[in-house]
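Please read the points below with the structure open beside you, and take them in order.

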Amino acid sequence: MTPDEILQGLYDQTLVGNAPAVLDLTHTGLDLGMEPQSLLFDALIPSLEEVGARFERGDFFVPEMLIAGRAMAGAMEVLRPLLAETGVQTIGTFVMGTVKGDVHDIGKNLVNIMLEGAGFNVIDLGVQVAPEKFIEAINEHQPDIVGFSAFLTTTMPMFKANINALQKAGLRDSVIVMVGGAPVTQEYADAVGADGYASDASACVKRAKDLLTKRRSLVSA
Amino acid sequence: MLTSTTSSSTSSRSPADIAARIGLIACGALAQPAAALVDRHAWPVDVHPLPPLLHNRPHLIAGQVEALATSLLRRYPTVAIGYADCGTYGALDEVCDRLGLRRLAGLHCYDVYAGPARLQRFFDEQPGTYVLTDFLVRSFGRTVLQELGLDRHPELRDDYFGHYTRVVWLAQEPDPELHRLAQQAADSLGLPLTVVDTGTAGLERAIGGLLTLPVPAFPA
Ligand code: B12
């Protein structure tokens, strides 16, 4: 197989969620001497972005997204140590969790995969994360960004509760706050005083990078 | 199509007949119990269902309700919306405001059956609670397993339900067969089943209340 065929195969097989084929192709590509970054940025990430676009258009539903996400996660298991070895700098640390009272996590997990693919060190606190758990994790990991995910109208108010807890702990200014999830809008994010919102995983990566660049330029100014 | 003496197809009704009736747009998950109540009370109501699976693509609900409501308002003096917010996050309220219509109170039909406070208690007790109604019990294979792809990809079970700890069936009209199906549904998710007998009083109150409310005239 040529490198181009590997990349095309990875793209196509991720799109249809064929995890064993994606794993095989990843190994084959590496055996051929291809760069892990190339497999990631030239095939896996674009494919998952296309999956997201198809979901938005209504061509894909949740199971298709999940199997594609799983296929990419399988490849990441192989690539992660190699990416670390090749000295690729992480671009920032992102602590993420679904808020207290909520156990929806599919969207959050997809965001995590994309953030990691983009070079973030992601610390996933899981679901039903209480404000004090977020505080603990922020103290421990000193992240650049903390992300709150919520999917129910009844759990969205936890964004505000989390932000209040950050304020009380004196941490609000040391971390960028991003929020997201199906019911969340930019207006809601603004109303609770978050720094950033994104409607899907690709947009989240872009927004996270922008916010980070802005924050860093402010700090170094 | 729903069969019921008072809520049956409108095609056989004359315009004069319809002029005295109410058009109730109902989520497919509520349409059958709603039609049964209409029958029981002999309410002058025609139930017009929309597909229940819209719930999984809730951004489509408001548009479909608006299209149907607009067309029904040409025939009925009164139209009501048998939907709660249902994951439209306010979009349905905008349609209601625009057309001068009322919808069922609450976030979803679970609120209607069990009451919002009681439902919230279930989630507070165990955040990993998955709720079923009679409709979902009956249609579980199609509306849950197939929609979520669990029939084709059983390996996704934990991606969906890994954090869940129980199934709560809000039983409206339980009978042994339905109970067996509810147990089967819970078993297929590998979760214990709790049965909560809600009856249909909540739905009855909600729909009765909706229909007796004064409904503004057809907008120009
Ligand atoms: C899949 C699903 C489930 C799965 C969840 C599995 C899981 N582990 O997460 C199951 C079947 C278990 C489930 C359960 C329930 N669900 Co549900 N569910 C859905 C459904 C169909 C899709 C959600 C989803 O995963 N979308 C796919 C992901 C990829 O999209 P996403 O979530 O929007 O995530 C993207 C963005 O939001 C963003 N994002 C996400 N997080 C973050 C975080 C940050 C920081 C940023 C920047 C961005 C970001 O990026 C993501 C990737 O692109 C929606 C309907 C819909 N189509 O939205 C209902 C829906 C969310 N559920 C709903 C309900 C009511 C329930 C139940 C109460 C139903 C029940 N019968 O019990 C339970 C919840 C019980 C509980 N204890 O919480 C309602 C919520 C209504 C409301 N007003 O709150 C919805 C809207 C359905 C409806 N129309 O009524 N559900």
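1. Leaving out residues up to four places away in sequence, Leu15(A) touches Ser47(A), Glu50(A), Val51(A), Arg54(A), Phe60(A) and Ala68(A), where contact means heavy atoms within 4.5 Å. Leu15(A) belongs to helix H1 (residues 3–15) of chain A; helices (H or I, at least four residues) and strands (E, at least two) are DSSP runs, numbered from the N terminus. With a relative accessible area of 11%, Leu15(A) is buried, a word that here stands for under 20% relative accessible area, while exposed is over 50% and partly exposed lies in between (1.4 Å probe, protein chains only). One of the residues it touches, Ala68(A), is 53 residues from Leu15(A) in sequence, and the two are 5.8 Å apart in space, C-alpha to C-alpha.

2. A word on what is being read: this is a predicted model, in which local features need pLDDT of at least 70 and side-chain atom pairs count only at pLDDT 80 or more, whereas totals for chains, interfaces and linings use all residues. Residues are numbered from 1 along each chain as its sequence is written, chains are lettered from A and ligands numbered from 1 in the order in which they are written, and side-chain values use heavy atoms, with hydrogens and water left out.

3. Is Ala191(A) buried or exposed? Ala191(A), which sits in helix H8 (residues 186–192) of chain A, is exposed, with a relative accessible area of 61%. Between Ala191(A) and Lys160(A) there are 8.9 Å in space, C-alpha to C-alpha, and the two are 31 residues apart in sequence.

4. Which residue is the only protein donor of the cobalt atom of the ligand? That donor is His104(A), through NE2, at 2.5 Å; donors are N, O and S atoms within 2.8 Å of the metal (3.2 Å for Na, K and Ca), and water is not among the atoms, so sites may look incomplete. His104(A) is placed in the loop between strand S1 (92–98) and H5 of chain A.

5. Two packed helices are described by the angle between their axes and the distance between the axes. In chain A, helix H5 (residues 106–117) and helix H9 (residues 201–220) pack at an angle of about 50 degrees, with their axes 9 Å apart; axes are lines fitted to C-alpha atoms, for helices over the stretch in contact, and angles run from 0 to 180 degrees between N-to-C directions. H5(A) and H9(A) are therefore oblique to each other, since angles under 35 degrees count as roughly parallel, over 145 as roughly antiparallel, 65 to 115 as roughly perpendicular and the rest as oblique. Leu110(A), Val111(A), Met114(A) and Leu115(A) in H5(A) meet residues of H9(A), among them Val205(A) and Ala208(A). By class, this contact of H5(A) with H9(A) has 8 nonpolar, 1 polar and no charged residues, where Ala, Val, Leu, Ile, Met, Phe, Trp, Tyr, Cys and Pro count as nonpolar, Asp, Glu, Lys and Arg as charged, and the others, Gly among them, as polar.

6. Chain B has 11 helices and 6 strands, and buried residues make up 49% of its 220 residues. Here the axes of helix H3 (residues 61–72) and helix H4 (residues 91–99) come within 8 Å and cross at roughly 20 degrees, and H3(B) and H4(B) are therefore roughly parallel to each other. The residues in the contact of H3(B) with H4(B) divide into 8 nonpolar, 1 polar and 2 charged.

7. Val137(B), in helix H7 (residues 134–138) of chain B, is buried, with a relative accessible area of 3%. Apart from neighbours within four places in sequence, Val137(B) is in contact with Leu132(B), Trp169(B), Leu178(B), Leu181(B) and Ala182(B). Of these, Leu178(B) is 41 residues from Val137(B) in sequence and 7.1 Å from it in space, C-alpha to C-alpha.

8. Most residues other than glycine have a negative phi, and most peptide bonds are trans. Ala42(B), however, has a positive phi near 50 degrees; Ala42(B) is in the loop between helix H2 (28–41) and strand S2 (45–50) of chain B, and is exposed at 53% relative accessibility. Cys86(B) also has a positive phi near 50 degrees, but Cys86(B) is buried, with a relative accessible area of 7%, in the loop between strand S3 (78–82) and H4 of chain B.
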